Amino acid sequence: MSTMRAVVVFTSGGPEVLRVEEIDRPTPGTGEVLVRVHAAGVNPADLRGRSGFADLPAQYRPSIARPSVPGADVAGEVVAVGAEVTDMAVGDQVYGLVRFPPFDGRGHGRTHAEYVNVPVTDLAPKPKRLNHIEAAAVPMAALTAWQQIHRHGAVAQGERVVVVGAAGGVGHFAVQLARLLGAEVVAVASGRHEEFLRGLGVETFVDYTVGDPIDAVGTVDVVIDCVGGVDSGRWLSVIADSGRLVPITLGFYPPDELSRRGITLVGAQVRSSGADLRELNELFDNGTLVVAIDSVFPLEDARGAHERGERGHVRGKIVLEMAAGGR
């Protein structure tokens, strides 16, 4: 059997547990294609999975089979097709979010490798305007924002929306998509990102490193919280009664306050969807939606990519580039 290089996690821990190993190359099953990976996004979910979800109480940590290959975002080229595949062919340039969420019986994405087999329903043609590195930065982050806003009705025209962690992967897409719906967007981020976010059309910028951001935000209809954490419940104070809260990551929001004030929790776990990516393609190809790249690391330096992610203050996305070339 042919082999390939891949990032492998043998035991949970910090970035130092990541190893690049020679492993068997997969073959596409029924309804799948084999993709030669040009680039793969690095998401917070990859960092958490590598650590064994150490940020969660032990009783809530999902079981992870080791050794494992991380990664769910992918951009690359189809090099083989499995049975019953009729709408993709060898040579197609594609991108997608692979088998996510990973605990629903379909297995894991395993995209931090030179090759990955992917269900065709998870893939879409790569936007023509984006190179592979840019395309690899899109799927999880953009699908998260798109599905919350368009599939779950998180934002309506004319509303005032605050995006907490607005410069990050999901955040910078949420800012753009909310504005496209005609919402007034308040962006909360580090001051180093103000120029970037104003370039995306943010009306009000709040630097959380200078004073209490709660005081500066004012009252909003919707909070899109891309940061979460143990003190995330404080953002309820800026939501108007009967408003909406969209938690993108794990946070703690007092249920009694949600109930008392009629604040609705909106949204759901992002899911792989080639169909949703096709809807996003037009926005990328006409220049309406842009993707920001924080940094690019070679596959061999996956540890460096994870270390960058853990330092925080990421602007856009971190991407792994394979030897095949992502540009």
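This is a predicted model: local features need pLDDT of at least 70, side-chain atom pairs count only at pLDDT 80 or more; totals for chains, interfaces and linings use all residues.
Reader: Is Ser-190 buried or exposed?

Author: Leaving aside neighbours within four places in sequence, Ser-190 is in contact with Phe-205, Asp-207, Tyr-208, Thr-209 and His-313. Its relative accessible area is 6%, and because buried means under 20%, Ser-190 counts as buried.

Reader: Which strand, helix and strand make a β-α-β unit with S9 at its end, and what is its handedness?

Author: Strand S8, residues 160–164, runs parallel to S9 and is joined to it by five bridges; among the facing pairs are Val-163 with Ala-187 and Val-164 with Val-188. Helix H4, residues 169–180, belongs to the unit as well. The unit is therefore made of S8, H4 and S9 in a crossover that runs clockwise when the strands point away from the viewer, and its handedness is right-handed.

Reader: How many residues of S8 are buried, and which ones lie on each side?

Author: S8 is mostly covered, with five of its five residues buried. In a regular strand the side chains alternate between the two faces of the sheet. In S8 both faces are covered, with buried residues Arg-160, Val-162 and Val-164 on one side, and on the other Val-161 and Val-163.

Reader: What is the order of the six strands in the open sheet, and which are the edge strands?

Author: S8 pairs with S11 in the parallel sense over four bridges, and Val-162 stands opposite Val-223 in S11. S11, residues 220–225, also pairs in the parallel sense with S12, residues 239–247, over five bridges, where Val-220 stands opposite Ile-239. The order of the open sheet is S10-S9-S8-S11-S12-S13, with parallel pairing; the strands that each pair on one side only, and so form the edges, are S10 and S13.

Reader: At what angle do helices H3 and H8 pack, and is that roughly parallel or roughly perpendicular?

Author: Helix H3, residues 139–151, and helix H8, residues 274–285, have axes 10 Å apart and pack at an angle of about 95 degrees. Because angles of 65 to 115 degrees count as roughly perpendicular, the relation of H3 to H8 is roughly perpendicular.

Reader: How do the residues of the contact of H3 with H8 divide into nonpolar, polar and charged?

Author: From H3, the residues that meet H8 are Pro-139, Ala-142, Leu-143, Trp-146, Gln-147 and Arg-151. On the H8 side they meet Asp-276, Leu-277, Glu-279, Leu-280 and Leu-283. The residues of this contact divide into seven nonpolar, one polar and three charged.

Reader: Which residues of helix H9 are buried?

Author: Helix H9 spans residues 302–311, and its buried residues are covered by elements including strands S1, S2, S3, S14 and S15 and helix H1. H9 is followed by Gly-312, whose phi is positive, near 80 degrees. The buried residues within H9 are Ala-302, Gly-304, Ala-305, His-306 and Arg-308.

Notes:
Residues are numbered from 1 along each chain as its sequence is written. Side-chain values use heavy atoms; hydrogens and water are left out. Axes are lines fitted to C-alpha atoms, for helices over the stretch in contact, and angles run from 0 to 180 degrees between N-to-C directions. Helices (H or I, at least four residues) and strands (E, at least two) are DSSP runs, numbered from the N terminus. Angles under 35 degrees count as roughly parallel, over 145 as roughly antiparallel, 65 to 115 as roughly perpendicular and the rest as oblique. Contact means heavy atoms within 4.5 Å. Ala, Val, Leu, Ile, Met, Phe, Trp, Tyr, Cys and Pro count as nonpolar, Asp, Glu, Lys and Arg as charged, and the others, Gly among them, as polar. Two strands pair if DSSP finds at least two bridges between them. Buried means under 20% relative accessible area, exposed over 50%, partly exposed in between (1.4 Å probe, protein chains only).
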